[in-house]
Amino acid sequence: MLTVRTISELNQAMADMGILAPVYYSEETIWLLDQVLLPFREEYIPLRTTADVARAIVEMRTRGAGAIAATAAYGMLERAHQGASMEELEAAGAEMVATRPTASSIGWTVNRILALRTTDPEAIEAAVVSFIAAKIMAEVEIARIGASLVDDGDTVLTHCHAGTIAGVGYGGITFGVFRQAVADGKDIRVIATETRPYLQGARITAWELTKVNIPVTLITDNAAGYFLSTRAVQKVVVGADRVLLNGDVANKVGTYMIALAAAANGVPFYVGVGRAGLDFATARGADIAVEMRDSREVTDIGGRRIAASGVEAMYPAFDITPGGLVSAFITERGVIRPPFAEGFREKYTTVEESN
Ligand code: RUB
């Protein structure tokens, strides 16, 4: 249990835990670790309005389901400090939710703050602090529970980045699982996909793992099938941006192909998800809005055009993996195996938890 009541207590607790905060709030400014600059520069940029927050999220300066939710939560707090009315708070929330439609985490967080029906900065600060503290504790639990699925000697494949700074800084999903498995005395290796076009795997997953001496091998995205088919991988562990009751998962595009290759080769496919990533209202994966990003993110690399002029491109940032391809979900309430709807209902029982 992390008992913190104020922003300064939260900041202190995170520092005491050795957390590299993807975002923090201090002196009425949101300080955001600019993830576009990683791994070569660790630099915090100041955000002072929800328009700044929205722009930073669209530009991928912060990303990952947990980190964008925490940034939006601070955005709501900042707006309250500026004296926003209830309508203005709702508009600020809507502006931030619209930035990344696939991840459910921003909407879940903003809606919980709006549900307080208050504009009082102190009340909103208490809610934001409690949300982030709960998320840190959930990451601790997910790491502990997920590590039990990893065996000594395993090579585990992961996709994109669901590490500390994709979450709120403790362990996100996959990084926490790997770090805990090593802390439990298991000798593991990780295979990380580079994750075109933002290269979250090459720039961030591989960097985070290398920093704590967990052996990691970087591969191109299209090599995942090769490594799964050659029995080089014993488990797949990925995070999720949205998970439905039936087990359908929205996660970084490419996850679906990896799940298919894992199923074809009998490799367990595990998905880690916290409460803000669970969507019990949407019925099927096909109903999830998939974020389509600017085609220049495909035609250009590092700001330089690589495709001939006139070539059209498309970039869905996420894809949907059907629940039938998922072996189990790792949640802060335990491992959930099929049938998923029953498992989720059983673990998240109260109205507040399940809506
Ligand atoms: C991030 C991504 C991550 C999840 C994991 O996509 O797909 O796997 O957000 O988050 P992007 P979590 O880089 O486009 O934001 O750690 O909460 O499971």
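Predicted model: local features only at pLDDT ≥ 70, side-chain atom pairs only at ≥ 80, totals over all residues.
Let's start with the helices. H3 (residues 65–81) packs against H5 (residues 105–114) with the axes 8 Å apart and an angle of about 30° between them. Angles under 35 degrees count as roughly parallel, so that is how H3 sits relative to H5. The crossing of H3 past H5 is right-handed. On the H3 side, the contact uses Ala65, Ile68, Ala69, Ala72, Ala73 and Met76, and these meet Ser105, Ile106, Thr109, Val110, Ile113 and Leu114 of H5. Sorted by type, the residues of this contact come out as 10 nonpolar, 2 polar and no charged.

Is Gln82 buried, partly exposed or exposed? Its relative accessibility is 39%, so Gln82 counts as partly exposed. Setting aside neighbours within four places in sequence, Gln82 touches Arg48 and Thr49. As for Ser8, 74 residues away along the chain, its C-alpha atom lies 19 Å from that of Gln82.

Now the sheet. It is open, has 4 strands in the order S11-S8-S9-S16, and its pairing is mixed. Here are the strands with their residue ranges:

| Strand | Residues |
|---|---|
| S11 | 278–279 |
| S8 | residues 242–244 |
| S9 | residues 249–252 |
| S16 | 318–321 |

S11 and S16 are the edge strands, each pairing on one side only. S8 and S9 run antiparallel and are joined by 2 bridges. Arg242 has Ala250 in S9 as its bridge partner.

Note on methods
Residues numbered from 1 in each chain as written. Heavy atoms only, no water. Axes fitted to C-alpha atoms, helices over the stretch in contact; angles between N-to-C directions. Parallel < 35°, antiparallel > 145°, perpendicular 65-115°, else oblique. Left-handed = near helix turned anticlockwise from the far one by under 90°. Contact = heavy atoms within 4.5 Å. Nonpolar A, V, L, I, M, F, W, Y, C, P; charged D, E, K, R; others polar. Pairing = 2+ DSSP bridges. Buried < 20%, exposed > 50% of the residue type's maximum accessible area, 1.4 Å probe, protein only.
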